[in-house]
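Subject: Structure handover

Hello,

Here is the structure I said I would pass on. My notes on it follow below.

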Amino acid sequence: MKKRYKSFLAVTFTMITLCGCTKSNKTIVRMQKLEEGIEKTPTTEAELKEAISKYENRIADMQLATGQVGIWYKMLAVRYLDAQMYGEALKCLQKAIQIYPENQNLFYYTGLCAGYMAKASLDFTAAGNSSTAEKYNYLKLAESAYLRAVEIEPKYGRALYGLGILYVFELDMSEKAIPHLEKLLSFDTRNFDAMFVLARAYYTTGDYDRAASLYDKIASQTKSDAKKQEALANKKIVLDASYTK
């Protein structure tokens, strides 16, 4: 076990070293042979079997090391996110996704951080519209990240809600929010926050009847007086808009 741990550390150190330096393939192969104790190119059947066995162990070690690096990048990203350092979190999430490209949580966090970075996009150089382009790019990154999270896990509630917020309040594309929010409420039936966003989407797309009906549902089911009053006030706005239509 101790020998295995030392091998793991050696592999991890080698990976870090190779990431920071540019070496020829011949140099890398020579280093690997020296570390595994292979002094010459195997030719006989016995030598070939021995070399294969040694490199199989190396592959297992590298898989373990790479997986652990991915976990550490994710942990560091969450630490940055908790500290509201969203730009640094995005850098770590990009590294983690390269190792774990099927992890829906990594894509959700990417969408979340990209949304915050969009709000922080300012024209520090006073160059005109550069900040607008940067903000849009972050918003599109958030959209693609949330969509990928839902593609991996179709019932990922937080990502569905994130898409709703993004489309309704940031991209002014409420019609795209509706199917995602309806899907979320199909299995999370008492998610009042999602109901408010969906009702807003109905309202902005001119579907006043469904908006008013959903505000009624919130008012009748929520235990929060504040949410009930907000729902009733929003319903009045919707009805006033429908009467003047």
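Please keep in mind that this is a predicted model.

**Helix H4 and its surroundings**

The buried residues of H4 are Tyr 86, Ala 89, Leu 90, Cys 92, Leu 93, Ala 96 and Ile 97. The helix itself covers residues 86–99, which makes 14 residues. From its first C-alpha to its last it reaches 20 Å, close to the 20 Å expected at 1.5 Å a residue.

Glu 88 counts as partly exposed, at 31% relative accessibility.

In the loop between helix H3 (45–82) and H4 sits Gln 84. Its phi is near 60°, a positive value in a residue other than glycine. Gln 84 is exposed, with a relative accessible area of 61%.

Thr 110 belongs to helix H5 (residues 104–119). Leaving aside residues up to four places away in sequence, Thr 110 touches Leu 90, Leu 93, Ile 97, Leu 141 and Ala 145. Leu 90, Leu 93 and Ile 97 are among the buried residues of H4. Thr 110 is itself buried, with a relative accessible area of 8%.

**Cysteines**

How many disulfides does the structure hold? The count is 0. Cys 92 is in no disulfide, and the nearest cysteine sulfur, that of Cys 113, is 9.6 Å away.

As background, nonpolar side chains tend to be buried together in soluble globular proteins.

Tyr 215 is worth a look in the viewer. Not counting residues up to four places away in sequence, Tyr 215 touches Phe 196, Ala 199, Arg 200, Ala 231, Asn 234, Lys 235 and Val 238.

**Helix H8**

Helix H8 (residues 174–187) has 14 residues, which should span 20 Å at 1.5 Å a residue. Its end C-alpha atoms are 21 Å apart, which agrees. Buried in H8 are Ser 174, Ala 177, Ile 178, His 180, Leu 181, Leu 184 and Leu 185.

Asp 172 lies in the loop between helix H7 (157–170) and H8. It has a positive phi of about 55° although it is not a glycine. Asp 172 is exposed, with a relative accessible area of 68%.

**Salt bridges**

The whole structure has 10 salt bridges. Side chains of opposite charge can pair when their charged atoms come close.

- Arg 148 forms a salt bridge with Glu 151, the closest N and O atoms being 3.2 Å apart. Both lie in helix H6 (residues 130–152), 3 residues apart, about one turn of the helix. Glu 151 is exposed, with a relative accessible area of 56%. Glu 102, Arg 148 and Glu 151 are linked in a network of salt bridges.
- Glu 182 forms a salt bridge with Arg 210, and their closest N and O atoms are 3.3 Å apart. This pair links distant parts of the chain, with Glu 182 in helix H8 and Arg 210 in helix H10 (residues 208–221), 28 residues apart. Glu 182 is partly exposed at 31% relative accessibility, and Arg 210 is partly exposed with a relative accessible area of 40%.

Regards

Terms used
Residues numbered from 1 in each chain as written. Predicted model: local features only at pLDDT ≥ 70, side-chain atom pairs only at ≥ 80, totals over all residues. Heavy atoms only, no water. Contact = heavy atoms within 4.5 Å. Helix = DSSP H or I, 4+ residues; strand = E, 2+ residues; numbered from the N terminus. Expected span 1.5 Å × (residues − 1). Buried < 20%, exposed > 50% of the residue type's maximum accessible area, 1.4 Å probe, protein only. Disulfide = S-S within 2.5 Å. Salt bridge = Lys/Arg side-chain N within 4 Å of Asp/Glu carboxyl O.
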